[in-house]
Amino acid sequence: MKTKILIEMRPAFDGYAGIPQETRLLFSMISKLDSFEVEGLLQGGGAHSNLSRGTPRKSASLFGKKKHPSRRYGTYSKVIISLKEKPYKSWVERIADYWKSRAESLALKGSLITNSKIKTTEFKSESFEDFIWRTIFAKTLPSSDFKRIVKANYKIFTVSWHGMHKAGLFSLNWWFHSIYPKVDLGDIDIFIAQTPYPARVSSRTKMVVRYHDTIPIFLPHTINDVSEHQATHLYALEGNVKSRAWFACVSEATRQDLLKLHPEVEDRAVTIHNIISPHYFKEETPFERVRGIIRSRIAAYDADTKEYDLFPKFFNLREQENFFKQNLFQKEFKYLLVVSTVEPRKNHSRAIAAWEILKEEVDPDLKLVIVGTLGWGFQTMVKQLRTWIDRGELFMLNKVPSPDLRVLYRHAAATVCPSVQEGFDFSGVEAMRSGGIALASDIPVHREIYEDAAEYFDPYSTGSTVDCLKRVLYSPDAEAIRARLEKRGDEISSRYLPDKIQPQWEAFLEKVKNSKN
């Protein structure tokens, strides 16, 4: 009999990289294993994003009859709608829904005392393949995976992930430690959560937490919604440890940080590195594609970023086109590439300061391309960049699909990874896989993941960053250094391909399944 695996898919509704990408790749990889049967868990993340209910597990009404097909498909359709807005309901359903939501909130808190369980409902993917593909997987997986990946079915929690967290934190008002709601996942053998999960599972099911980093604990000054983010991570993690969950850490550096907090999980915490997307491989492409990608992926075109003036203001379209011709299409240039969410921990300011010095001292034609969503704490930095943006020397891009990002990695003079802390850091590995080179901050996780395939600099020193860039790009030995980095990058990055990571997950899940915990 196959082992039944349930994977939390909430992060996969978000961006292109990081945890969303890892969630899609992990689901895809495990679903290929013959000994496992994989389903996804759909759940709203925000405070008011409760999903509509799916069909009961046995697909039967209160009177034991199967739902009429039109009602069954209508139920699934409402689940999809509830991801964006409240689905239309009759007045009877709306009244029932109102009292149900009130009751659910109370029930969540009450369940902590009564120990009652929250049950899942079902979502069958048949006839909803387009939704499954385009909403969850298309940002990361190749289209050749479509037919295989859309066959999997899903379970639904109507209560939100945020609501579960709030219930757990509520328990601190009357008890010494946090107590989280208990969930009934039916016949699921192993539940894989992304980040610490705000619930306890029944004894039938074993929980695995895909643990990405301890940043909310050790670098709370760099996160958004500071107090709530720190508390939800800290207490949910504590709850998972108490309920004897297993931990699959994305790097050994992350595992060691976890053991600082909870040394008692040493025997239940393993390191399995992240998987690199199949979109990244070495491909010979003309440099002209870089110009076109920058031209079309300017972040200012995104409605979410328009208010931040990430692009010069033009009086007319002709003036705008002349700007692109002058700065992108009529002269040769090199560029540095930084790929990450724009937030304080990513340390963009260090890379920018070093780039400015290089332009002044060595290479006035060197441009800077930043790819990533605007996160938090970026406003001051963005204002400082306006003069470079207006001069066509710095370009901020957003929502760059993987095939385009592969081209940017390949042609960049270097991909710079300046973070002060990371759980894994995909950008350096993706650059290496695409035939580019990476220069990285000298932090434990970069040393572990990139080894000698990167050149390192002090993340707190602009001088060190400048020296590293000069050594790799402009020194007499630059060509030899770049050749070495490309060769080692190809070797090191291959460790994170799915066929290398898959056996580690297979062995780990077998161990969890056979454990007595």
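Modeller: Two strands pair if DSSP finds at least two bridges between them. Strands (E, at least two residues) and helices (H or I, at least four) are DSSP runs, numbered from the N terminus. This is a predicted model, where local features need pLDDT of at least 70 and side-chain atom pairs count only at pLDDT 80 or more, while totals for chains, interfaces and linings use all residues. Residues are numbered from 1 along each chain as its sequence is written, and side-chain values use heavy atoms, with hydrogens and water left out.

Start with the sheet. It is open and has 8 strands, in the order β4-β5-β2-β1-β7-β9-β10-β11, with mixed pairing. β4 (121–123) and β11 (269–271) are at the edges; each has a single partner strand, so one side of each lacks a neighbour in the sheet. On average, neighbouring strands are turned by 25° against each other, direction ignored. Axes here are lines fitted to C-alpha atoms, for helices over the stretch in contact; angles run from 0 to 180 degrees between N-to-C directions.

Now one pair within it. β1 (residues 3–8) and β2 (residues 36–43) run parallel, joined by 6 bridges. Leu6 has Glu39 in β2 as its bridge partner.

Next, the helix contact. α15 (residues 426–433) packs on α18 (residues 478–493) at about 115°, with axes 8 Å apart. That makes α15 roughly perpendicular to α18 (65 to 115 degrees). In α15, Val429, Met432 and Arg433 meet Gly489, Asp490 and Ser493 of α18 (contact: heavy atoms within 4.5 Å).

Definitions and conventions. Angles under 35 degrees count as roughly parallel, over 145 as roughly antiparallel, 65 to 115 as roughly perpendicular and the rest as oblique.
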